[in-house]
Amino acid sequence: MLQTPYYLIDKAGLLRNLEKVAYVRDRSGARALLALKCFATWCVFDFMRDYMDGTTSSSLNEVRLGHERFGKETHAYSVAYADYEIDDVISHADKIIFNSISQLERFAGKSAGIVRGLRLNPQVSSSSFDLADPARPFSRLGEWDPAKVEKVMDRISGFMIHNNCENSDFSLFDRMLGDIETRFGDLLKQAEWVSLGGGIHFTGENYPLDLFADRLKAFSQKYGVQVYLEPGEAAITNSTTLETTVLDTLFNGKNLAVVDASIEAHMLDLLIYRESAKVEPDAGDHAYMICGKSCLAGDIFGEFRFPEKLRTGDRVSIQDAAGYTMVKKNWFNGVKMPAIAVKDLDGSITSVREFTYRDYEQSLS
Ligand SMILES: Cc1ncc(COP(=O)(O)O)c(C=O)c1O
């Protein structure tokens, strides 16, 4: 038995997603790049590599990790590159996508030898969170004026458009792609490749994969472009749990159970977006608020039902803990950092990384 807390990546869960990714890729001709901002736990890249075409990134560190640990095709993108990192970025990338015309122009000389693209902002998105909405008012994410983009077409051969966000509705995707075509159609005709970004939950249950793949293929044929997808969440959804142990139980008007992990430190996105964690099956006669062990008053995973009373030493598995978790974990309160373990297809579990006091100490100076 491994000591909790640990993230447990289940390869069988990954495979369910990866097979769908590969299916869409085969049927549509689109290429699929893993978005490292969502999931960068490279111990499973060997396993993922056969189903995907490479990685996309949001920083120098990510593009380097993608190049060194995943291989295949590596896209570089960043909201803004600094002068001191651009050469390094280019040395690790197959394509560089600039966020703005001014960045493209600033680095025109240095990037002359690499395939270049530009991020477009269609000013329409599927996001219900202002915080995560690339099309929010005054957004800095991409160029939106076709007339301005037209003037730099001699410097770029493609575009990246990321405007989906947790979108599990194919007809909404389809409609928004239609909006993109209306707005940027003349530019798309001049492009050789178009990345449609991430945020499309096509590996979810009942998503119409064939319609999706056929829409991508039709888009690709209409404009004569190689389509890319940048799945983050879709590639790893429901593959991982955060395994925790109950350290204490209290009754303060509600039953509380404190576990040996922290939502603030280990599943930060849930806190940022004010969402509850998931526990399964979440059924039974005993309701508990599952609380983290940091000092933050609101360090609460959520309220769930259990078949039995919880006791110190019981295991609580927090579901769906792969996306935007390990990439955001932090040392708040010095809480013990969850180890990373992998469950193989044969059911065997191996711990691949443990974090120690030295890691905590070395994260500061
Ligand atoms: C440019 C870009 N590509 C891909 C992704 C991955 O999105 P998701 O994890 O929702 O699939 C994001 C997420 O913010 C993004 O900004």
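I began with Thr 237 and found its place in the loop between helix H9 (233-236) and strand S10 (240-251), where helices are DSSP runs of H or I with at least four residues and strands are runs of E with at least two, numbered from the N terminus. I kept in mind that this is a predicted model, in which local features need pLDDT of at least 70, side-chain atom pairs count only at pLDDT 80 or more, and totals for chains, interfaces and linings use all residues. Residues are numbered from 1 along each chain as its sequence is written, and side-chain values use heavy atoms, with hydrogens and water left out.

I then looked up the accessibility of Thr 237, which is 16%, so the residue counts as buried (under 20% relative accessible area, with exposed over 50% and partly exposed in between, for a 1.4 Å probe and protein chains only). Leaving aside residues up to four places away in sequence, I noted that Thr 237 touches Asn 17, Thr 203 and Asp 320, a contact being heavy atoms within 4.5 Å.

Turning to the whole protein chain, I found twelve helices and 16 strands. Its radius of gyration is 22 Å, close to the 21 Å of the globule rule for 365 residues, so the protein chain is as compact as a globular protein of that length; the radius is taken over C-alpha atoms, and the rule is 2.2 Å times the number of residues to the power 0.38. I noted that buried residues make up 54% of the 365 residues. Among contacts between residues at least 6 apart in sequence, 67% join residues at least 24 apart.
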